[in-house]
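Visitor: I would like to learn how to read a protein model feature by feature. Could you take me through one slowly?

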Amino acid sequence: MRVVGADGTTEPAPAFAEPITIALQVDPNANPDLLGIYFISADGTLEYMGGTLADGMITAKIHHLGKYAVPEYNKTFADVGESHWAIQAIKKMAAKHIIAGIDDTRFDPQGNVTRAEFAAMLTRALGLTAADTLTFTDVIPDAWYAEAIAKASSAGIVHGRDSITLRQMPSSPGKKWPL
């Protein structure tokens, strides 16, 4: 996005020091659980900005000028059929960009969630933005989940441990289990 001056010169549009709130009217026939405000970049890619729906209007905080739209994001996954018990929850979380699946076409509804995936989902669901420097030595700084771990740690949600304490479980003599 560029700003054109009175003399015809152009320069990049500045980012706002503090975010502003925009409000857009929504299609009354759209599924409210699947709506969100998206920034439309010059190349046509969409960036999810969030959104809160009330009285036919959706609002979100933005940090720069530009083109914005309110599409219905109805993500489907090949391994989650329309009759799956969690289809509506999965669609809602995908529309809010809390989850994305294991790739573009699969969700793996029977899969296990790792601690990194859980921290990323929680960070996105809560809209956490501030992050201190990552201090966990077992998190690779450029790993896909590193920023989410840093945000969750800054918010006091993730603490980590310096070492794992083991104790003997009475039902399994000789076997050690992590606490």
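**Cores, sheets and a helix pair**

Guide: The largest nonpolar core has 11 residues, namely Ile22, Val26, Ala30, Leu35, Ile37, Phe39, Met49, Ile58, Ala60, Ile62 and Tyr68. A nonpolar core is a set of buried Ala, Val, Leu, Ile, Met, Phe, Trp, Tyr and Cys residues joined through side-chain atoms within 4.5 Å, and buried means under 20% relative accessible area, with a 1.4 Å probe and protein chains only. This is a predicted model, in which local features need pLDDT of at least 70 and side-chain atom pairs count only at pLDDT 80 or more, while totals for chains, interfaces and linings use all residues. Residues are numbered from 1 along each chain as its sequence is written, and side-chain values use heavy atoms, with hydrogens and water left out.

Visitor: What does Val26 touch?

Guide: Contact means heavy atoms within 4.5 Å. Leaving out residues up to four places away in sequence, Val26 touches Leu35, Leu53, Gly56, Ile58 and Val70.

Visitor: How should I read the sheets?

Guide: Strands of a sheet pair through backbone hydrogen bonds, either parallel or antiparallel, and two strands count as paired if DSSP finds at least two bridges between them. S4 is joined to strand S5 (residues 46–50) by four bridges, and Tyr38 stands opposite Tyr48 in S5. The hairpin of S4 and S5 has five residues between the strands, and there Gly44 takes a positive phi near 90°.

Visitor: In what order do the strands of the other open sheet of three stand?

Guide: The order is S3-S7-S6, again with antiparallel pairing. Strand S3 (15–25) and strand S6 (52–54) stand at the edges with a single partner strand each, so one side of each is left without a neighbour in the sheet. S6 and S7 pair over three bridges, and Thr52 stands opposite Thr59 in S7.

Visitor: At what angle do helix H2 and helix H3 pack?

Guide: Axes are lines fitted to C-alpha atoms, for helices over the stretch in contact, and angles run from 0 to 180 degrees between N-to-C directions. Helix H2 (residues 115–126) and helix H3 (residues 146–154) pack at an angle of about 65°, with their axes 8 Å apart. Ala116, Ala119, Ala120 and Thr123 in H2 meet Ala148, Ile149, Lys151 and Ala152 in H3.

Visitor: Which residues of H3 are buried?

Guide: The buried residues of H3 are Ala146, Ala148, Ile149, Ala150, Lys151 and Ala152, and what covers them includes H2. Just after H3, Gly156 takes a positive phi of about 80°.

Terms used: Buried means under 20% relative accessible area, exposed over 50%, partly exposed in between (1.4 Å probe, protein chains only). Helices (H or I, at least four residues) and strands (E, at least two) are DSSP runs, numbered from the N terminus.
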